[in-house]
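Have the sequence and the coordinates open as you read.

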Amino acid sequence: MRRVLVAIDGSDNALRALDFAVNLARSAPPTELHVMTVRAPVRVYGEIAVYATEEHMRDLASQHVQAALDTAAGRLASSDVRFTLEQVEGPPGETIARRADELGCKLIVMGTHGRGRVGSLLMGSVAQTVVHLATVPVTLVK
């Protein structure tokens, strides 16, 4: 079975990437989608530490990315495509590329919105990192 990693972040572009991956999986069975979100490590410092603990901030971040997974699960439920869902903590670009290798994925599909620094406007810093580090093809959906 061919496995495709779909990286999502809750954005509209990520949902379009998920829809693209579903259509791809339907056209080339048997394909399983491994849908994941990456939660950047939480850093609590300065005055904010008085009001919120690192554990509390981690829980809030986890809830946010879980909402993206829940939305994806809702879309996938009626798709007739095999899928798994995963939430991982780490630097997003590096984590996506590493997980694709660990899982033996043949392709990475992800959205891009170009919210990175000025030099990354065309693709976005996370997408640029994934394209640079991935050992498998990467399809970017805008």
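Buried here means under 20% relative accessible area, while exposed means over 50% and partly exposed lies in between (1.4 Å probe, protein chains only). Helices (H or I, at least four residues) and strands (E, at least two) are DSSP runs, numbered from the N terminus. Because five of the five residues of β4 are buried, the strand is largely enclosed by the rest of the structure.

Before going on, a word about the source: this is a predicted model, in which local features need pLDDT of at least 70 and side-chain atom pairs count only at pLDDT 80 or more, while totals for chains, interfaces and linings use all residues. Residues are numbered from 1 along each chain as its sequence is written, and side-chain values use heavy atoms, with hydrogens and water left out.

Which strands pair with β4? One partner is β1, which runs parallel to β4 over four bridges; two strands count as paired if DSSP finds at least two bridges between them. In this pairing, valine 4 stands opposite leucine 107 of β4. The other is β5 (residues 138–141), also paired with β4 in the parallel sense over four bridges, and here glycine 111 stands opposite valine 141.

Now follow the side chain of valine 109. Leaving aside residues up to four places away in sequence, valine 109 touches Val4, Leu5, Val6, Ala7, Ala17, Phe20, Ala21, Thr139 and Val141, where contact means heavy atoms within 4.5 Å. Valine 109 also belongs to the largest nonpolar core, a set of 19 residues in which Val6, Ile8, Leu33, Val35 and Val109 have the most contacts. Such a core is a set of buried Ala, Val, Leu, Ile, Met, Phe, Trp, Tyr and Cys residues joined through side-chain atoms within 4.5 Å. Two or more residues come from each of β1 (2–7), α1 (12–27), β2 (31–39), α3 (54–76) and β4 (107–111), with α1 giving the largest share, six residues. A second, separate core has 15 residues, among them Val38, Met110, Ala127 and Val136.

Let's turn to the charged side chains. The whole structure holds six salt bridges, each being a side-chain nitrogen of Lys or Arg within 4 Å of a carboxyl oxygen of Asp or Glu. One of them joins arginine 75 and aspartate 19 at 2.8 Å, N to O. This pair links distant parts of the chain, since arginine 75 is in helix α3 and aspartate 19 in helix α1, 56 residues apart. Arginine 75 is partly exposed at 37% relative accessibility, and aspartate 19 is partly exposed at 33%.

Glutamate 102 forms a salt bridge with arginine 98 (3.1 Å, N to O); the two are four residues apart in helix α4 (residues 92–103), which means they are separated by about one helical turn. Glutamate 102 also bridges to arginine 99, with the closest N and O atoms 2.8 Å apart. Arginine 99 is buried, with a relative accessible area of 15%, whereas arginine 98 is partly exposed at 40%. Salt bridges with shared partners join Glu86, Arg98, Arg99 and Glu102 into one network.
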